[in-house]
Amino acid sequence: MSAEDGSRIKSAASALLKGGTLVSDQCEKCGGVQVKFGDRITCINCGNEVQPGAPAPKVEQRATSGSAASAMEAKVTTLAQELRDERDTAVQRQKAELLEACLRILEKMRELKL
């Protein structure tokens, strides 16, 4: 993983911790996972951003299908919520590392179309 990839993953994790959400639609450019924060939708994989004012993809609240990617998206969402509420810094660090790993797995699953 390049430094740029790591930076995008950390940025996405940070956005999720601040109240961002995963977007159910894949990136139109590369098929990657997208995160919505404020009025900006950014692809974790390629960094593509949807311009403000453009129709936003539907935000997925929870996994509804039985696919592995949907299950992983639900795990990422749950971890982000737990991390936001956690007060113990040691636990925060563990959950942040797990969240980053889950985002990497989800990205790979999307690349493989699982």
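Which residues have the most contacts inside the largest nonpolar core? They are Leu 16, Leu 22, Val 35, Ile 44, Val 76, Leu 99 and Leu 103, in a core of 20 residues. A nonpolar core is here a set of buried Ala, Val, Leu, Ile, Met, Phe, Trp, Tyr and Cys residues joined through side-chain atoms within 4.5 Å. Two or more residues come from each of helix 1 (3–17), helix 2 (68–85) and helix 3 (89–112). Helix 2 gives the most, with six residues. In soluble globular proteins, nonpolar side chains tend to be buried together.

This is a predicted model, in which local features need pLDDT of at least 70 and side-chain atom pairs count only at pLDDT 80 or more, while totals for chains, interfaces and linings use all residues. Residues are numbered from 1 along each chain as its sequence is written, and side-chain values use heavy atoms, with hydrogens and water left out.

## Overall layout and confidence

The protein has three helices and four strands, in the order α-β-β-β-β-α-α from the N terminus. Helices (H or I, at least four residues) and strands (E, at least two) are DSSP runs, numbered from the N terminus. Of the 114 residues, 34% count as buried; buried means under 20% relative accessible area, exposed over 50%, and partly exposed in between (1.4 Å probe, protein chains only). Among contacts with a separation of 6 or more, 46% are between residues 24 or more positions apart. A contact means heavy atoms within 4.5 Å.

The mean pLDDT of the protein is 77, and 81% of its residues reach 70 or more; pLDDT is the predictor's confidence in each residue, from 0 to 100. Confidence is lowest in helix 1, at a mean of 79, and highest in strand 3 (residues 40–43), at 88. Over residues 59–66 the pLDDT is below 50, and this stretch has 13 contacts in the model beyond near neighbours in sequence. Where pLDDT is low, the predicted coordinates should not be read in detail.

Ile 44 is one of the core residues with the most contacts. Not counting residues up to four places away in sequence, Ile 44 touches Arg 8, Ile 9, Ala 12, Val 33, Val 35, Leu 103 and Glu 107.

Of these, Leu 103 and Glu 107 are among the buried residues of helix 3. At the N-terminal end, Asp 88 caps helix 3, with a side-chain oxygen 2.9 Å from the backbone nitrogen of Ala 90.

Glu 100 lies in helix 3 and counts as buried because its relative accessibility is 18%. Leaving aside neighbours within four places in sequence, Glu 100 is in contact with Ile 9 and Lys 10. Leu 98 is also in helix 3, but counts as partly exposed, at 40% relative accessibility. Leu 98 and Ala 80 are 18 residues apart in sequence and 10.0 Å apart in space, C-alpha to C-alpha.

## Salt bridges

The structure holds five salt bridges, a salt bridge being a side-chain nitrogen of Lys or Arg within 4 Å of a carboxyl oxygen of Asp or Glu.

| Residue | Partner | N to O distance |
|---|---|---|
| Lys 95 | Glu 82 | 3.2 Å |
| Lys 95 | Glu 86 | 4.0 Å |
| Glu 97 | Arg 93 | 3.3 Å |

Lys 95 forms a salt bridge with Glu 82, and this pair links distant parts of the chain, with Lys 95 in helix 3 and Glu 82 in helix 2, 13 residues apart. Lys 95 is buried, with a relative accessible area of 19%, whereas Glu 82 is partly exposed, at 35%.

Glu 97 and Arg 93 both lie in helix 3, four residues apart, about one turn of the helix. Glu 97 is partly exposed, with a relative accessible area of 44%, and Arg 93 counts as exposed, at 61%. Salt bridges that share partners join Glu 82, Glu 86 and Lys 95 into one network.

Technical notes
A polar contact is a pair of N or O atoms within 3.5 Å; within protein, one must be able to donate a hydrogen and the other to accept it, and residues adjacent in sequence count only if both atoms are side-chain atoms.
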